[in-house]
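This report walks through one protein model, beginning with a loop residue and then turning to domains, ligand surroundings and a helix. Please keep the sequence and structure at hand while reading.

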Amino acid sequence: MKVAAFTGFGGPEDVTVREMNVPEPAEGEAVIDVHTCAINRHDLWILEGDSAMVSSEALPFVSGLDIAGAVADVGDGVESVSAGDHVVLCPNQTCGACRFCREGPENLCERFSLFHGGLAGHAVVDADRLLTLPDNVETTAAAAIPTAYMTALHMFRRAKVGPGDLVFIPGATGGVGVAATQLVDAVGARSIGTSTSAAKLDRLSEIGTDFTIETDDPETLRDAVTDIGAPDAVLNHLGGEYTEMGLDVLRRGGRMVICGRTAGRRSEIDVPQLFLDHKHVIGSTMGTQTDLQTLVQLLADGTLEPVIDDEYDLSDTDQAFADMQNRDIFGKLVVHP
Ligand SMILES: NC(=O)c1ccc[n+]([C@@H]2O[C@H](COP(=O)([O-])OP(=O)(O)OC[C@H]3O[C@@H](n4cnc5c(N)ncnc54)[C@H](OP(=O)(O)O)[C@@H]3O)[C@@H](O)[C@H]2O)c1
Ligand SMILES: [Zn+2]
């Protein structure tokens, strides 16, 4: 089978398509014929050598968390899926033994990690992490949802977004941003979305963003959002300076949920503002397998249609990462191995 492996930690030029043996399933595992693997900024962090999860000893490394396809083979003891089933993988990997695995939510697992290996013709996975797809859910759409939509759904829930709320989503045009925008719109809340691209802002308006702002300058955003109104919630995947700016614009008692650090790992918070205005800062990572099941159901009943910007052959995986790096992306990019 062919895989798109990272052979160095530079950038898209370090993606190399090479041959590997099709894996065999061990007990409890299944081998998936990967139809689609969506990519995330998480994969790009790894490719750029900016992820604590993967060291140089792991090179060549096959990344890719979000896969959907057909079950090709199952190991001993697997009864939940069988050969030919169309499935999507929940990429969460948990220990199954800690208090959070026992009591939930599973994404708080003390040894939480993620599946990698989806940018390949076949992938071997834990069969318990597979969800069977309803007949009307295509594997391409299914592959788009695990990381971005599951993360956005979990953030959305932790922010307690409800009908009529005003939600600020800085950098709303990528995987998590578009997913959050769609979920906010679906519940009858209003959103403020931002981008450096006027063309992407037009697309945001088409999927339900109520207020768009064309800039990525936190100072300009602080004023523009304040002019619109104080958000009830900020869904922040950018981190960095967007954290203090998000806190500044948030209404009294409002919630900011943070899942990422695209714009920086550090932020300066005005502590008195936090306690005097009763604001909440909430960290959030991924979601639960139940969240993914909910999203699959939303796809099946037509409530949610993931936004897929571009589809690539495995041999063009380097181009997919270059497009992500160049911010030439709206929603999700998917690769077909
Ligand atoms: N904790 C978790 O479980 C979890 C899960 C998923 C994602 N994440 C994190 O969330 C973030 C987003 O992931 P993603 O896959 O959605 O990424 P993505 O698709 O690449 O996000 C693109 C968006 O980010 C904006 N952007 C890119 N670089 C920027 C910069 N330097 N300053 C300001 N805005 C910038 C883009 O704005 P333009 O429109 O102007 O180009 C666009 O709106 C990443 O940090 C990722 O690691 C975390
Ligand atoms: Zn655990």
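His278 is found in the loop between helix 9 (271–276) and strand 15 (280–283), where helices (H or I, at least four residues) and strands (E, at least two) are DSSP runs numbered from the N terminus. The model is predicted, so local features need pLDDT of at least 70 and side-chain atom pairs count only at pLDDT 80 or more, while totals for chains, interfaces and linings use all residues. Residues are numbered from 1 along each chain as its sequence is written, and chains are lettered from A and ligands numbered from 1 in the order in which they are written.

With 10 C-beta neighbours inside 10 Å, His278 counts as exposed; a residue is exposed if 12 or fewer other C-beta atoms, placed from the backbone, lie within 10 Å of its own, buried if 20 or more do, and partly exposed in between. Arg327, in the loop between helix 11 (317–325) and strand 17, is partly exposed, with 15 other C-beta atoms within 10 Å.

| Residue | Phi |
|---|---|
| His278 | near 55° |
| Arg327 | about 60° |

An automatic or database domain assignment gives the bounds of domain 1 (2–144 + 307–336) and domain 2 (149–283). Their centres, taken over C-alpha atoms, are separated by 28 Å. Seven residues from domain 1 and eight residues from domain 2 make the contact, which is counted when C-beta atoms, placed from the backbone, lie within 7 Å.

Around ligand 1 there are 30 residues, the closest being Gly174, Gly175, Ser195, Gly260 and Arg327; a residue belongs here if its C-beta atom, placed from the backbone, lies within 6 Å of the ligand. Domain 1 and domain 2 each give at least three residues to this shell, and at least two residues come from each of helix 1 (41–47), helix 4 (146–158) and helix 5 (175–186).

Ten of the twelve residues of helix 5 are buried, so this helix is largely enclosed by the rest of the structure. Among the buried residues are Gly175, Val178 and Leu183, and the elements that cover them include helix 4, strand 10 (166–169), strand 11 (190–195) and helix 6 (198–206). At 1.5 Å a residue, helix 5 should span 16 Å, which agrees with the 17 Å between its end C-alpha atoms; the expected span is 1.5 Å times one less than the number of residues. Gly188, with a positive phi near 85°, follows helix 5.

Note on methods: Contact = placed C-beta atoms within 7 Å.
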